[in-house]
Amino acid sequence: MLVYHSNKRGFLDVADNGVIEDRIASEFLRKTGRYAPDPEFRSWKASLAEMATVLRDPGIPDELGIGIEFGIPQTSKRIDVMLSGLDDEDRSRLIIVELKQWSSSTPTDKDGIVMAQRGGPGPEREGLHPSYQAWSYAELLRGFNTVAYEGQTTLSPCAYLHNHPAGLGVDDPRYATYLERAPIFLKGAAERQRLRDFIKTHLRKGDDAELIVQIEGGRIRPSKALADAVGGMVKGHREFILIDDQKLVFEDILAIERMATDERKQVVIVRGGPGTGKSVLAIQLMARITSERRLCKYVSKNAAPRAVYKAKMKGSVRPSVVDNLFAGSGSFHQTQRNTFDTLIVDEGHRLNEKSGLYQNLGENQIAELIRSARCTVFFVDDDQIVTLSDIGHSAEIERWANAEGAAVTRLGLSSQFRCNGSDGYLAWLDDALGLRETANRGLQPQDYDFQVFDSPVELHEAIRQCNAESNRARLVAGYCWDWASKKHPAAFDIVIPQHDFARRWNLGSDGSLWIMAPHSVEEVGCIHTCQGLEVDTIGVIIGPDLVARGGRLVTVPEARSRQDKSIRGWKTMMRSDREATAERLDRIIRNTYRTLMTRGMKSCYVYCTDDETREYFRGRLAVHP
């Protein structure tokens, strides 16, 4: 979608009448059916007026094309301004301009990240550097827009911060790589002239926005260079090799995916427990389908799996392009029907009904994903539903698929590649947690390395020793402790005084990459940063929300942290339907510990804050099957 386009002459006619922001807002309403938010309207008024001042230079051709607010297909991002024309040799060229009204910023040591006031007054927040933004938008067009890559169009990104003085953050040497790729122009007459010279250097003749219109109508398809690079990303990685039924399901899905059409959608539901290779299969499918030049994305509700797999795949492909192969499940509520050939939805059981920070956008994430692609593949484990807002049960997915008239295929993964290849451990754990009755009353040492510790200090030391070998051991806990260190970085979160144990949650500087960061072995993870991921050895602190009484486990939802969003609102729900809510809470808490205790491929070590619970698990180990 392109909100507005014209040539320099037409744009300046509107701007000179002082109504450019009204014209853009009117076009935005006409093309989106929505009114532009006030902050966006104000930014148009300020920044586009400044852009008009830049273009009032007789050396810039009147026929120069200008496009405003170009929505990059298959993303939620919009390019602020595009300028089009020809160079001295009549080759098509496009300038991408990222506009900001910032008046100050603070550099960080994170790659491409800068602190700034975003969206109006308030404290500075982390976000992308404007030069990185402009460059990444150019890379997306080069990688996916047929007009951009088949027409040999030269793209020249830049950023214009017309209120920002030099020497205050964004032009820090730490950003030299991105400043070279997309130069930044700052406050003042000299900087404005530099931007004019940049435009005149690249665009010697105008094209009356012909290239901009062509790009808007260009087919969205991976370029051959991108397809080849993505196809090679997973080759040579042992962790991405498909084994046994993974390979069978992979080939089945490819055959189904190739049959999908606008008229006959395909929905594939792949069920599999912990360690059956759902995520590995999802990544392989995304890479294979992209390598065949069909439009595909890997989707997950949680950010952690996306962050980890993106980090592992970067190297042979530009980071900004890799980022665009991944998406959160809440980013499809405005996507047009059948925009994608295929969407690969990992951890589908974690999908929510609504999207957005306040859970107030869209209709239903399952319905939106199915609507957005000709083929949608859901990887699910109904026993890993761990919050009251999780709706991705396989039966619910099938219901929405039927409503869309899609053909539904059900596939299963059964072979275990986690937990030392032991189906026996999972059966024993389900029985011990009271999730389902199995014949596995006890656990044999040769089946799986499961140990119960009397002290969280001893547990953490054991995890450190395991981690020293390959950085593949982590400590996690049930969400029974507040996140005190969020506001007070020196504070501790998980505090167990009787053992002189004090640790912090991982929800800090490492963010979603906690499970990979070497020093994060000193922190404690939670369900939100480890679900869908794995290590060799997992240490689990079982909090007071799961305790043994009278030889069986009972759940205590009131022992959860008040900051835990996974069961937010449960007390209100209890008043309207006590029995059903109590049953859901019980299942969620048990599922949470099942998920935590199956993150270790080789070992699971536990400490229980409750004495009777520790003895319960020890007793279950001693029972002979």
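In which sense, parallel or antiparallel, do strand E11 and strand E15 pair? E11 (residues 266-272) and E15 (residues 373-380) pair in the parallel sense, over 6 bridges. This is a predicted model, in which local features need pLDDT of at least 70, side-chain atom pairs count only at pLDDT 80 or more, and totals for chains, interfaces and linings use all residues. Residues are numbered from 1 along each chain as its sequence is written, and side-chain values use heavy atoms, with hydrogens and water left out.

- Helices (H or I, at least four residues) and strands (E, at least two) are DSSP runs, numbered from the N terminus.
- Two strands count as paired if DSSP finds at least two bridges between them.
- Looking towards E15, you will find Val267 with Thr376 as its bridge partner.
- E11 also runs parallel to strand E16 (residues 407-413), and 7 bridges join these two strands.
- In that pairing, Arg271 stands opposite Gly412 of E16.
- E11 is mostly covered, since 6 of its 7 residues are buried (under 20% relative accessible area; exposed means over 50%, and partly exposed lies in between, with a 1.4 Å probe and protein chains only).

- Asp62 forms a salt bridge with Lys8, with the closest N and O atoms 3.7 Å apart. This pair links distant parts of the chain, 54 residues apart: Asp62 is in the loop between helix H3 (38-55) and strand E2 (65-71), while Lys8 is in helix H1 (residues 8-16).
- Asp62 counts as partly exposed because its relative accessible area is 36%, whereas Lys8 is buried because its value is 4%.
- Arg204 and Asp88 meet through their side chains in a salt bridge of 3.3 Å, N to O. The two are 116 residues apart, with Arg204 in the loop between helix H7 (189-202) and E10, and Asp88 in the loop between strand E3 (78-86) and strand E4 (92-100).
- Arg204 is partly exposed at 47% relative accessible area, and Asp88 is exposed at 57%.
- Asp109 and Arg174 also meet in a salt bridge, at 2.9 Å from N to O. Asp109 lies in the loop between strand E5 (106-107) and E6, and Arg174 in the loop between strand E8 (154-161) and helix H6 (176-181), 65 residues apart.
- Asp109 is exposed, with 72% relative accessible area, while Arg174 is partly exposed, with 46%.
- Salt bridges can also form a network, as they do among Glu257, Arg258, Arg288, Glu292 and Arg294.

**Charge on the surface**

- Lys301, Lys486, Lys487, Lys565 and Arg568 gather in a patch of positive charge on the surface (patch residues have over 30% relative accessible area and no salt bridge, with like charges joined within 9 Å and nonpolar side chains within 5 Å).
- Lys487, one of these residues, is found in the loop between strand E18 (473-477) and strand E19 (494-496). Lys487 counts as exposed because its relative accessibility is 72%.

- Lys205 belongs to strand E10 (residues 205-206) and is partly exposed, at 36% relative accessibility.
- Met115 lies in strand E6 (residues 113-116) and is partly exposed, at 21%.

Technical notes: Areas by Shrake-Rupley, 256 points an atom, 1.4 Å probe, with all protein chains shown as cover. Salt bridge = Lys/Arg side-chain N within 4 Å of Asp/Glu carboxyl O. Lys, Arg positive; Asp, Glu negative; His and termini not counted. Charge placed at Lys NZ, Arg CZ, Asp CG, Glu CD.
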